[in-house]
Amino acid sequence: MNVPLLDLTLQYKQIKDEVEPAILSIIRSQKLILGKEVEILEERIAEYSGVKYAIAVSSGTDALLAALMAIGIGNGDEVIIPTYSFFATAGVVARLNATPIFIDSDPLTFNIDPYQIEQAITHRTKAIMPVHLFGQICEMDKLTEIAKKYSIPLIEDAAQAIGCQFKDNRRAGAFGLMGCFSFYPTKNLGCFGDGGMIVTNEDELAKKLKQIRNHGMEPKYYHHHIGGNFRLDAIQAAVLNVKLKYLPEWHRKRRKNAHLYNQLFIKFALAEDTTTNEFNEKNKVLLPKAVYKSSEIIDYHIYNQYIIQVEKRDELRQYLNSKNIGTEIYYPVPFHRQPCFQAIIDKNKTYPVADKLAAHSLALPIFPELTEEQIEYVVQTIAEFFYNSKK
Ligand SMILES: *Cc1c(COP(=O)(O)O)cnc(C)c1O
């Protein structure tokens with residue numbers, strides 16, 4: 001059996017009959033940048049996320065960059081972020097000549113540990129940018145409390161988390177001053193190229209973001225701010241307008257797959273439950289933890305990735321590869337160990353949780369179209385690996 005980490009051709013088959021005419025109509029109109037499809041998408045994403053405004057941009061990275069530009073982040077400023085995330089989270093801060101301040105992760109959710117943030121705040125701290133990693137929201141009550149107490153804006157990196165909910169039912173992006181989404185093809189809602197979105201409830205900020213995405217311009221050739229070309233293509237918006245209605249179904253299928261993985265890991269005696277977080281004889285595999293799971297909240301975790309932890313991660317990965325099972329390591333090197341950040345890190349600070357995650361975490365295939373047989377094959381093969389390594 002072959003189980004790729006992700007196979008987007010299966011999703012494409014589901015939407016082909018709708019998406020092909022939608023793209024064709026854009027091509028025939030030759031109205032290629034921003035425009036009606038983009039406006040429709042902005043309205044729908046704002047409504048779905050429970051916010052007033054959504055501003056479509058060219059990528060998730062550009063969403064983060066434009067958000068930081070909109071609040072004037074620059075030279076000498078500090079932005080607090082997790083050390084364990086995709087590079088864009090740190091890259092956008094450094095590109096504006098500000099300093100990213102790295103915080104260790106919570107061992108259960110893999111998200112920024114909110115209890116380490118206050119001690120990192122200085123008079124230079126201009127934003128806190130939590131990341132809802134792998135599709136699970138951060139501890140937003142604690143984060144909003146800190147942001148309020150110190151009057152520091154929260155900007156949510158919700159690139160992997162569109163639609164995921166907190167315990168008060170609110171969705172990612174609706175908590176901070178701004179929330180940023182990515183429509184990169186591997187995200188739960190992906191377009192046919194690059195795309196992103198910024199959401200906010202603030203009227204003035206929404207206006208400013210619209211200008212920033214188009215060189216700070218309004219009307220034509222009158223520039224209020226230094227912006228950039230962060231515009232979204234009409235074709236990408238048309239694709240997303242077809243896909244958005246399927247998102248709840250895809251979230252549900254990802255969650256169903258995660259649930260089946262959990263059950264099977266327990267059945268094969270590789271894990272005891274979904275709460276244990278220490279390796280031992282009964283827990284060779286540490287399962288992901290959905291901490292806000294409850295009967296009232298539907299999208300408590302949208303499983304953009306299903307992440308297990310195993311001690312001999314690299315050996316397991318090699319074994320799975322030899323059995324045609326695709327995996328990935330998100331992320332092998334936390335920011336505090338990246339070569340490009342060695343000049344700015346505090347050498348006295350340690351990040352034990354992020355280091356442990358970098359050494360042991362492994363992403364298994366979780367996309368909606370996986371079959372039960374494929375998931376069984378993955379868990380069975382992992383059981384085989386542990387059985388063989390005992391001999
Ligand atoms: C994907 C991602 C981004 C960047 O989004 P792009 O659309 O690829 O630019 C930023 N942050 C996180 C956490 C991501 O996963």
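Analyst: Start with the helix α3. It gives the largest share of the shell around the ligand, 3 residues. Helices (H or I, at least four residues) and strands (E, at least two) are DSSP runs, numbered from the N terminus.

Some ground rules come next. This is a predicted model, in which local features need pLDDT of at least 70 and side-chain atom pairs count only at pLDDT 80 or more, while totals for chains, interfaces and linings use all residues. Residues are numbered from 1 along each chain as its sequence is written, and side-chain values use heavy atoms, with hydrogens and water left out.

Now the shell itself. It has 16 residues, and Gly60, Thr61, Gln160, Ser182 and Lys187 come nearest to the ligand. A residue is near if one of its heavy atoms lies within 4 Å of the molecule. By class, 6 are nonpolar, 8 polar and 2 charged. Here Ala, Val, Leu, Ile, Met, Phe, Trp, Tyr, Cys and Pro count as nonpolar, Asp, Glu, Lys and Arg as charged, and the others, Gly among them, as polar.

Look at the side chains. An N or O atom of Thr61 is 2.5 Å from a ligand oxygen. For Lys187, the distance to a ligand oxygen is 2.6 Å. Asp157 has a side-chain N or O atom 2.8 Å from a ligand nitrogen. These are polar contacts (pairs of N or O atoms within 3.5 Å).

The protein covers 93% of the 380 Å² of accessible area that the ligand has on its own. Such areas come from the Shrake-Rupley method with a 1.4 Å probe. Two elements give two or more residues to the shell: α3 (60–70) and α4 (88–95).

Move on to the rings. The structure holds 19 aromatic pairs. Rings of Phe, Tyr and Trp (its six-membered ring) pair if their centres lie within 6.5 Å; planes under 30 degrees apart count as stacked, over 60 as edge-to-face and the rest as tilted. Phe166 and Tyr292 are edge-to-face, 4.8 Å centre to centre, with 70° between the planes. Phe166 lies in the loop between β5 (155–157) and β6 (178–182) and Tyr292 in the loop between β8 (285–286) and β9 (306–310), so the pair ties together parts 126 residues apart in sequence.

Last, the backbone. Most residues other than glycine have a negative phi, and most peptide bonds are trans. The bond from Glu218 to Pro219 is cis, with omega near -10°. Leu34, not a glycine, has a positive phi of about 55°.

Methods
A polar contact is a pair of N or O atoms within 3.5 Å; within protein, one must be able to donate a hydrogen and the other to accept it, and residues adjacent in sequence count only if both atoms are side-chain atoms.
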